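Subject: A structure for you to explore

Hi there,

Here is the structure I promised to pass on. Please open it next to this email and follow along as you read.

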Amino acid sequence: MTQHSTRRTVLATGAAALAVGCAGCGGDKSGSPPSVGGQELARTSDIPEGGGRIFKEQKVVVTQPEKGDFKAFSAICTHMGCTVNQVADGTIDCPCHGSKYRIADGSVAHGPAPKPLPPETIRVEGNSIRLA
């Protein structure tokens with residue numbers, strides 16, 4: 001082994017050890033336990049009853065078909081992969097070819113979509129809706 005490869009090995013090993021050692025560094029210094037869920041998407045009050053909201057960056061749509069019942073689905077249309085653009089009149093709508101999905105279960109209300117929107121996992125923690 002040459003001196004150059006030994007130095008590279010030591011540097012790579014040291015960087016890996018540092019990354020592992022700092023895995024618990026930073027974060028909340030208040031002593032509070034971390035939240036169980038992932039990224040917060042919205043407050044429960046942000047999702048209208050009988051409607052929903054699209055989160056384009058996360059490619060998720062969250063609906064509230066009935067008071068306090070929150071559902072989440074992929075925001076990617078199963079027809080041609082467009083992103084849905086609105087939740088209105090009990091459906092999640094795709095602008096590309098007119099597919100519509102029911103807010104209660106993501107099932108197809110109007111084609112040409114061949115399949116329902118896949119469900120996404122969310123957690124409701126108090127008034128917070130989080131990706132799980």
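Let's start with a charged pair: Arg130 makes a salt bridge with Glu125, and their closest N and O atoms lie 3.0 Å apart. The term salt bridge is used here for a side-chain nitrogen of Lys or Arg within 4 Å of a carboxyl oxygen of Asp or Glu. Arg130 is buried, at a relative accessible area of 19%, whereas Glu125 is partly exposed at 25%. Buried stands for under 20% relative accessible area, exposed for over 50%, and partly exposed for what lies in between, with a 1.4 Å probe and protein chains only.

Before you go further, please note that this is a predicted model, in which local features need pLDDT of at least 70 and side-chain atom pairs count only at pLDDT 80 or more, while totals for chains, interfaces and linings use all residues. Residues are numbered from 1 along each chain as its sequence is written, and side-chain values use heavy atoms, with hydrogens and water left out.

**Around the first pair**

Glu125 belongs to strand S9 (residues 122-125), which pairs with strand S10 (residues 128-131) in the antiparallel sense over four bridges. Helices (H or I, at least four residues) and strands (E, at least two) are DSSP runs numbered from the N terminus, and two strands count as paired if DSSP finds at least two bridges between them. Within S10, Ser128 is the bridge partner of Glu125. Two residues sit between the strands of this hairpin, where Gly126 takes a positive phi near 65°.

**The other salt bridges**

How many salt bridges does the structure hold? There are five. One of them joins Glu40 and Arg43, with the closest N and O atoms 3.2 Å apart. Glu40 is partly exposed at 35% relative accessibility, and Arg43 is partly exposed too, at 38%. Another links Lys71 with Asp69, where the closest N and O atoms are 3.9 Å apart. Lys71 has 28% relative accessibility, so it counts as partly exposed, and Asp69 is partly exposed with a value of 30%.

**The sheet of three strands**

Asp69 leads us to an open sheet of three strands in the order S2-S3-S4, paired in the antiparallel sense. Strand S2 (51-55) and strand S4 (69-74) are its edge strands, each pairing on one side only. On average, neighbouring strands here are turned by 20° against each other, direction ignored. For such angles, axes are lines fitted to C-alpha atoms (for helices over the stretch in contact), and angles run from 0 to 180 degrees between N-to-C directions. Strand S3 (residues 60-66) pairs with S4 over five bridges, in the antiparallel sense, and Glu66 stands opposite Asp69 in S4.

Look next at the loop between S2 and S3, where you will find Gln58. Gln58 is partly exposed, with a relative accessible area of 23%. Leaving out residues up to four places away in sequence, Gln58 touches Gln39, Leu41 and Leu131; contact means heavy atoms within 4.5 Å. The C-alpha atoms of Gln58 and Ser74 are 8.9 Å apart, although 16 residues separate the two along the chain.

**The sheet of four strands**

There is also an open sheet of four strands, in the order S5-S6-S7-S8 and with antiparallel pairing. Strand S5 (86-88) and strand S8 (108-110) stand at the edges with a single partner strand each, so one side of each has no neighbour in the sheet. Neighbouring strands of this sheet are turned by 35° against each other on average, direction ignored. Strand S7 (residues 100-102) and S8 pair over two bridges in the antiparallel sense, and Lys100 stands opposite His110 in S8.

Which residues does Thr78 touch, not counting those up to four places away in sequence? Among them are Tyr101, Ala113 and Leu117. Thr78 has its place in the loop between S4 and S5, and at 17% relative accessibility it counts as buried.

**The whole chain**

Stepping back, the chain has one helix and ten strands. Of its 132 residues, 30% count as buried. Among contacts between residues at least 6 apart in sequence, 40% join residues at least 24 apart. The chain exposes about 8,200 Å², of which carbon and sulfur atoms supply 53%; accessible areas come from the Shrake-Rupley method with a 1.4 Å probe, and for residues only the protein chains shown count as cover.

Enjoy exploring!

Best wishes
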